Amino acid sequence: MESLKDEKKLLRATYLFCLVSFFNLAVIKPTFDSSALIIGVVICVLMGYAHFVVRRFFPDGDKYILIFACILSSIGMVMIYRLSAPSAIKQIIWFVLGIAAFILIVVLLPELKRYGKYRYVYLVCTLLFIGMATFIGTSVNGSQNWVRFHGLSFQPSEFGKLFFIAYLASSLKDYKNFKQLIEPACVVMATLGFMVLQKDLGSALIFFTIAVAMLYIATEKAKYVIVSLALFVIGAMVSYKLFSHVRLRVMIWQNPWPYKANQSYQVVQSMYSIAWGGLSGTGLGLGFPNIVPVNIDDFIFSAICEEMGALIGFAIMILFFLLVYRCMRAAILAEDKFSRMLAVGYSSMIAAQVLVIVGGVTNMIPLTGITLPLVSYGGTSMLITFMALGVLQKISEGGR
Amino acid sequence: MSSNIYLAGISLSGLGQLSTVFKFIIIGIIYVIIFFALKIMYKDLKNGDKKQVRSQKQKTFGLEVVDAGISKTLKIGSVVPINGEVTIGRREDNVVVIEEGYVSGHHARIYQKNNNYVLEDLKSTNGTVLNGERIDNKVYIRSGDELKIGTTLFKVIG
């Protein structure tokens with residue numbers, strides 16, 4: 001079959017990338033580091049197995065969603081291994097769990113159309129998860145968006161995001177007149193309010209982008225988009241006046257250089273790092289990405305640009321574009337409105353996250369600490385992204 | 001002592017050489033991946049949103065008419081092959097037309113999903129009966145199942 005040959009070709013190139021990069025990582029250590037090679041092989045086996053399962057049991061679905069997700073995660077794991085080997089091993093565990101969640105969702109979830117009616121369940125879950133960190137959260141790197149629970153720590157707003165999209169999809173799916181938009185609008189505003197209170201501005205921006213994208217797809221009216229953009233500008237101005245952390249971010253964005261030793265240290269180091277790498281990078285192990293703080297998390301994009309080159313940075317953007325394209329394609333082919341809205345929501349979530357963080361580390365927009373989906377180190381983010389992709393895979397199956 | 005330092009210097013510079021070569025290989029591979037991916041997307045767009053052609057290995061199913069009931073349109077023993085989607089009902093636009101009062105306009109459909117065939121009752125008035133039980137919305141069908149629509153009895157063969 002023609003498409004199987006193409007998929008195999010793509011996968012083989014990915015295996016090659018994985019093995020070459022991990023071989024490179026193995027030889028740059030003072031003594032030959034065989035564990036790097038083992039990790040490379042393990043990642044290849046995992047990717048092959050996941051593709052086999054999807055191919056064998058669910059041939060109707062879109063196979064490229066999983067392949068692109070695997071390519072992006074393997075780029076991420078190469079860089080994380082270079083920066084901190086123990087984190088890379090943890091990341092592989094999260095990668096396995098993510099793929100397991102992906103396959104479980106595809107296997108266990110019956111038709112999505114049925115879930116369109118649990119609108120208020122989603123509403124309650126959204127507010128629960130999003131509000132949670134405001135009351136019992138702990139501060140990490142300046143934003144109060146982590147919850148510790150018996151030694152486990154996670155970001156509830158990430159789970160909230162999934163429910164938020166499900167809620168919007170089910171409430172916008174039978175849109176007829178303006179009145180039906182009032183309730184979702186209130187929920188969106190409450191969500192954004194909580195995010196600003198938790199000082200999690202990046203998530204607020206993402207929630208807003210998702211809401212506008214879904215609103216536009218549901219109503220097909222540009223005037224609502226203009227109105228919500230106007231509201232956003234007003235909201236942004238009000239929070240600029242009210243909150244000092246918002247003012248600080250904007251101040252750094254406008255001119256980071258005077259404060260490069262303290263407030264804008266992170267973003268200035270990130271820009272140095274990207275500039276030092278240049279077009280083709282310094283080569284793995286030859287740069288100084290450890291100077292950039294939180295380099296395996298939010299600033300992984302600048303670490304990748306430094307050691308693997310801006311060309312790989314562009315490649316990551318292209319791969320994300322292709323991934324989002326495949327997801328949007330699932331939305332176009334979806335048979336019912338709820339699945340379509342859900343697919344639009346999840347794919348715009350991934351797109352928004354990429355644009356916000358890549359824009360942030362290059363100081364194009366005010367920097368807000370969020371993860372680069374699939375590439376960054378982080379269990380919650382990995383799991384959430386794979387769950388969203390699982391739902392998208394399921395939707396792509398239904399397109400007939 | 002000095003030889004040790006000398007060795008460290010060699011290995012360090014050798015190392016640098018390796019990574020500077022590897023980085024171009026890695027960039028090359030990534031762009032090959034993107035090239036393949038774009039080629040696939042191009043093919044996909046050229047085909048429009050037609051479903052991919054199914055492989056020949058997959059099993060094909062058919063519906064054999066066991067009892068034609070009171071309708072005159074079907075003959076006992078005739079076989080309807082299931083390719084993609086088969087709709088059953090009283091109206092003319094169905095694939096299988098059964099002209100009798102107990103059958104709804106658009107009564108049921110059978111379609112393929114992930115190597116399996118699914119029978120869906122399209123909210124018909126008198127229901128669709130599979131192996132003696134009235135089905136609720138959708139069920140998977142297997143070879144040998146008996147399907148009753150109105151007074152017509154089909155057997156799934158494959």
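Trainee: Of the 135 residues in the largest nonpolar core, which touch the most other members?
Mentor: This is a predicted model, in which local features need pLDDT of at least 70, side-chain atom pairs count only at pLDDT 80 or more, and totals for chains, interfaces and linings use all residues. Residues are numbered from 1 along each chain as its sequence is written, while chains are lettered from A and ligands numbered from 1 in the order in which they are written. A nonpolar core is a set of buried Ala, Val, Leu, Ile, Met, Phe, Trp, Tyr and Cys residues joined through C-beta atoms within 7 Å, and a residue is buried if 20 or more other C-beta atoms lie within 10 Å of its own, exposed if 12 or fewer, and partly exposed in between, with C-beta atoms placed from the backbone. In the core of 135 residues, the members touching the most others are Met214(A) and Leu342(A).

Trainee: Which element gives the most to this core?
Mentor: Helices (H or I, at least four residues) and strands (E, at least two) are DSSP runs, numbered from the N terminus. The greatest contribution, 15 residues, comes from residues 64-83 of chain A, that is, helix 3.

Trainee: With which residues is Leu342(A) in contact, leaving aside its neighbours within four places in sequence?
Mentor: Two residues are in contact if their C-beta atoms, placed from the backbone, lie within 7 Å. By that criterion, the partners of Leu342(A) are Leu112(A), Ile165(A), Ala166(A), Ala169(A), Val391(A) and Ile395(A).

Trainee: What radius of gyration does chain A have?
Mentor: Chain A has 400 residues, of which 51% count as buried, and its C-alpha atoms fill a box of roughly 65 × 60 × 40 Å along the principal axes. The radius of gyration is taken over C-alpha atoms, and the globule rule is 2.2 Å times the number of residues to the power 0.38. A compact globule of 400 residues would therefore be near 21 Å, and chain A agrees, with a value of 21 Å.

Trainee: How many of the 21 residues of helix 9 of chain A are buried?
Mentor: The expected span of a helix is 1.5 Å times one less than its number of residues. For helix 9 (residues 222-242) of chain A this gives 30 Å, in agreement with end C-alpha atoms 30 Å apart. The helix lies largely in the open, because the number of its residues that are buried is zero.

Trainee: Which helix gives the most to the side of chain B that touches chain A?
Mentor: The contact takes 36 residues from chain A and 27 residues from chain B. On the side of chain B, 21 residues come from residues 2-46, namely helix 1.

Trainee: What is the strand order of the open sheet of six strands in chain B?
Mentor: The secondary structure of chain B comes to one helix and eleven strands. Two strands pair if DSSP finds at least two bridges between them; strand 7 (residues 128-130) and strand 10 (residues 146-149) of chain B, for instance, are antiparallel and joined by three bridges. The edge strands of the sheet are strand 2 (79-82) and strand 8 (133-134) of chain B. Its pairing is antiparallel and its order is 2-1-11-10-7-8.

Trainee: In strand 4 of chain B, which residue is the bridge partner of Gly89(B)?
Mentor: An open sheet of five strands in chain B has the order 4-3-5-6-9, with mixed pairing. Strand 3 (residues 85-89) and strand 4 of chain B pair in the parallel sense over two bridges. Within strand 4 of chain B, Gly89(B) has as its bridge partner Val97(B).
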